[in-house]
Amino acid sequence: MATVEVRDLRKRYQDFLALDGVSLRAETGQLVTLLGPSGCGKSTTLRCLAGFLEPNGGDILVEGESILSTPANRRGFGVVFQNYALFPHMTVAENIGYGLKLQKLPKGEIETRVYDVMKLVRLDGLGDRLPREISGGQQQRVALARALVLKPRLLLLDEPLANLDARLRDEVRWLIRDLQQQSGITAFYVTHDQSEAMAMSDMVAVMKAGRVAQFATPREIYQKPVERYVADFTGEANFLSCDEVAVTGEGRYSIAVAGTTLDLGGVAGITSDTPVELLLRPEALRLTSVDEATFRGTVTKSAFLGAALHCEITLPGGGVLKLSAEPNANVRTGDEVGIAIDHSHAWLMPEVAP
Amino acid sequence: MSDATSTFSYQRPVGLTFGVLIVVLYVFLMAPLVMIIGASFTESLMIEFPPKGLSMQWYVEFFNRQDLVDGLLMSLRIGAITAIVTTAVAVMAAMAGQVISGRLSGWFQLGMTLPLLVPELLTAVGLLFFLYKIELGRTVIGLQMGHILMSFPYAYVSIAAALRQVPGSLEEASASLGATGWQTFRLVILPLIMPGLAMGAIFAFINSFDLYTISLLLKPLGGNTLPLALFDFLTYEFKPTAAAAATLSILLSIGGVALVQKLVGLQRAF
């Protein structure tokens, strides 16, 4: 149980700057996700936290104390790896009991604690199997149990679901989140999957080229991204470029876009010469009759997806809007349609954060 | 129809040639072994094949010859020490080799296998000069050092290959669970490289048992390894005792391989 603060962390490889001043903070019991494409520095940050890598600059504080001089084996952090990293020559029970055995605990206590944690991650009865004899989902649960049985101060998860198929991924994801919340362990979670990040996290850090592009709650990241990169990486998004921007208040703007004027919220500090984009998430858009519409356009693609009808509508100015319509909506390619927007879900942001 | 025929007529000669090649290869490899083992059981006074009659007399004769038995014991002792020392050093070298990265790594690998690349005679001559300099010329310790040097690459290659199969994340996982470097080595790495380690030790032993040139130059006064003793023996006598000695050596090698198979399984050793 610990608060963790990462301060201006830097890591340089010969000619590559992997971390360029990463700052983050996790309160006790929070799950903080590091989200980004490969090479953005999310795993490097985690490996610095774990003590597998030594940063070139910055600091990592746990409960206000720097841990940089503490070696990995004395940090007391649990680590769960993408490839599970189970010891192939040990049984499931031996893998889970490994850390307890190193602490020289009495045999009986080790057995009880291993048994309890195996029940917690639903591995009962598999104690005598070798890792290669169980499924990928079970292996990842062994890895999780092996870390949790030591009651770590901090849990570090490096893309733990990446090697699992879609069905197992869901199952293990909720297991991780439940266990983390029940035990109140502070956790850092690395992933490139935005839906995982949204569903599990208390806080999300979207990373871009060795920096944190935005560090906020999942809701804020999704609805109020600070730049196009963040919006793009956190879900389906439509972007429209704006013709004119006028500041009407603190974080309030009036813009001219695709032949109409909109009043909406946006990132604070935008001026009339900032290159900006209008973010419209698909759920902010609704098909409507041409006369009630904010935008008018032509349907250029429509595909029936079962639960929804996916439409792409080209506006007269050339912008394209993607949206999900009601599955039985009578929309065909070439139709002239109107689109109403929910102003509370429209968001103005700079192309690139300053 | 004609298509199918042409496919088959294309494949069969290749399969046949390959099969014949395998048979020829095996005959070529096995024939000397069969000859020498057969000849060791002959009743006649000359090494000959096929053997005349069946007798164990040459084995009895071998164990009655003090010079040959001394050679055998010397070879066994030097081989055993060679296996132990090379294995221990090779494990350390292979682990160091993993830490070295980039261009240096290639040079390091090359350096570790250098005794294989330099002609044995040159190494032997160089070593002889060196050993005389440090006053170990023509001593058992000097001979032992030569054997360790010549056998090291075999142990190194086998152990380094085994070590490369151990993912780095296992070491990290072990550390994150509280293990020191030594604990990680003893509880995780060592058990996982055991097959390669056993294989390396046996390779080193067999290689040491087989060394001739370097033993000839470095041997202590009045001490012979088995190959040297056998050569001396064959210079004056051409009796099947030599065949019996060779057969014993072959049995030793087969025993070594069987031991690996029993301990770790050959499949895992390679």
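Ser254(A) stands opposite Asp263(A) in β14(A). This is a predicted model: local features need pLDDT of at least 70, side-chain atom pairs count only at pLDDT 80 or more, and totals for chains, interfaces and linings use all residues. Residues are numbered from 1 along each chain as its sequence is written, and chains are lettered from A and ligands numbered from 1 in the order in which they are written.

Start with β13(A), residues 252-257. Strands (E, at least two residues) and helices (H or I, at least four) are DSSP runs, numbered from the N terminus. β13(A) pairs on two sides (pairing takes at least two DSSP bridges between the strands). Five bridges tie β13(A) to β12(A), residues 244-249, and the two run antiparallel. Here Gly249(A) faces Arg252(A). Two residues separate these strands in their hairpin, where Gly251(A) has a positive phi near 70°.

Next comes β14(A), residues 260-265, joined to β13(A) by six bridges and also antiparallel. This hairpin too has two residues between its strands, and Ala258(A) in the turn takes a positive phi of about 45°.

Tyr253(A), Ile255(A) and Val257(A) make up the covered one, while Arg252(A), Ser254(A) and Ala256(A) lie on the uncovered one.

Turn to chain B. It has 13 helices and zero strands. Its radius of gyration is 23 Å, well over the 18 Å that the globule rule gives for 270 residues, so chain B is more spread out than a compact globule. The radius is taken over C-alpha atoms, and the rule is 2.2 Å times the number of residues to the power 0.38. The C-alpha trace spans about 80 × 70 × 35 Å along its principal axes.

Notes:
A residue is buried if 20 or more other C-beta atoms lie within 10 Å of its own, exposed if 12 or fewer, and partly exposed in between; C-beta atoms are placed from the backbone.
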